[in-house]
Amino acid sequence: MFFHPLTFEPGPVATVIGLALIVCLVAQPLVFRPLFRAARRPAPADGSSPLVRLYRATVWWYLGEMFVGMVFVGTASAVTPADIGLSLPAFHGFADRPGLLAVVLCGAAFLALRLFPMALQAWVLWRYTGWTLRGEAQAGLSRATVALLPENVAERRAAVLSSLTWLLGWTVSVHWVVIPLLTSGFGLSAWNTFVTVCLLTLWGASNTGWRGAATTAFVGATATGWYLFVFVGSLLTPLLVWGLYVAVLLAALPYRGPDAAPEPVPDEPVMTWRLDDGDATPKARV
């Protein structure tokens, strides 16, 4: 059993709008790449924050995704609440799907193993460091990762707002537009739709580095797979998975601490000539 919006008919107008939104999802990493690069460079002399500028731009983008998703649903020829996940999840068990049960258990185990250390890190940051990385811990991170950490309350507030709007925008884009359009509008199977959503998730997080993109893609595969094949047809499933991940991620997001002080470099010895030794060999004088 898999989710399929049987009563959904996009119609020509909604189809064009849905395709335009998919193009925007593909173009999103390219649009924001200059802002990510600016955030990784030293802060400008005028005191403005490249991180705040980046997060504000993403907030407006995700709000636009939500608006386009609502327009898509409003212009569809036929749509019911169940077609866009506004229903309780339907669980059909694993009696005839042992392979799917194994995949679900592995996914749940990986998600737990990924979220538990992040939650533990959040507790340690709150209890011992005031959510600020110390120089030694910060030195172990890549420069690109450190550059995307908030430095003050304004940057952290912008990061929280951007993450929450992303959660809503992505949910609307995928579960109100991409999945109904691909399954009902173009006749793709549930597995092909699942792979498409996973690739969109991986590509959408490409600006955060390969490790962040891979983790985000796996969480997206878990949320979408459970929505399509396990707890079928309810937005509660992806909202719970993504909401838990975003909440733990924000709780474990530390402030950028001061850079570790560099080790002092010893002075080089001064080379002089001693004319009285008779061999004209330079001697080092400390």
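Axes are lines fitted to C-alpha atoms, for helices over the stretch in contact, and angles run from 0 to 180 degrees between N-to-C directions. The model is predicted, with local features needing pLDDT of at least 70 and side-chain atom pairs counting only at pLDDT 80 or more, while totals for chains, interfaces and linings use all residues. Residues are numbered from 1 along each chain as its sequence is written, and side-chain values use heavy atoms, with hydrogens and water left out.

**Entry: H1 and H6**

I looked up helix H1 (residues 11–40) against H6, and found that their axes come within 10 Å and cross at roughly 125 degrees; the two helices are therefore oblique to each other. Helices here are DSSP runs (H or I, at least four residues), numbered from the N terminus. I noted the crossing as left-handed, meaning that the near helix is turned anticlockwise from the far one by less than a right angle, with clockwise giving right-handed. For contact (heavy atoms within 4.5 Å), I listed Thr 15, Gly 18, Leu 19, Leu 21, Ile 22 and Leu 25 in H1, which meet Trp 170, Ser 173, Val 177, Val 178 and Leu 181 in H6. By class, this contact has eight nonpolar, three polar and no charged residues; Ala, Val, Leu, Ile, Met, Phe, Trp, Tyr, Cys and Pro count as nonpolar, Asp, Glu, Lys and Arg as charged, and the others, Gly among them, as polar.

**Entry: H6 and H7**

I then took H6 (residues 153–185) with helix H7 (residues 190–204), whose axes come within 10 Å and cross at roughly 145 degrees, and I recorded this crossing as right-handed. On the H6 side the contact includes Trp 170, Val 174 and Val 178, and on the H7 side Thr 193, Val 197 and Leu 200 are among the residues. The contact of H6 with H7 divides into seven nonpolar, four polar and no charged residues.

**Entry: Ser 49**

I found Ser 49 in the loop between H1 and helix H2 (50–75), where it counts as buried at 18% relative accessibility (buried is under 20% relative accessible area, exposed over 50%, partly exposed in between, with a 1.4 Å probe and protein chains only). A polar contact of 2.6 Å joins the side chains of Ser 49 and Glu 155; the term takes a pair of N or O atoms within 3.5 Å, and within protein one must be able to donate a hydrogen and the other to accept it, with residues adjacent in sequence counting only if both atoms are side-chain atoms.

Note on methods:
Parallel < 35°, antiparallel > 145°, perpendicular 65-115°, else oblique.
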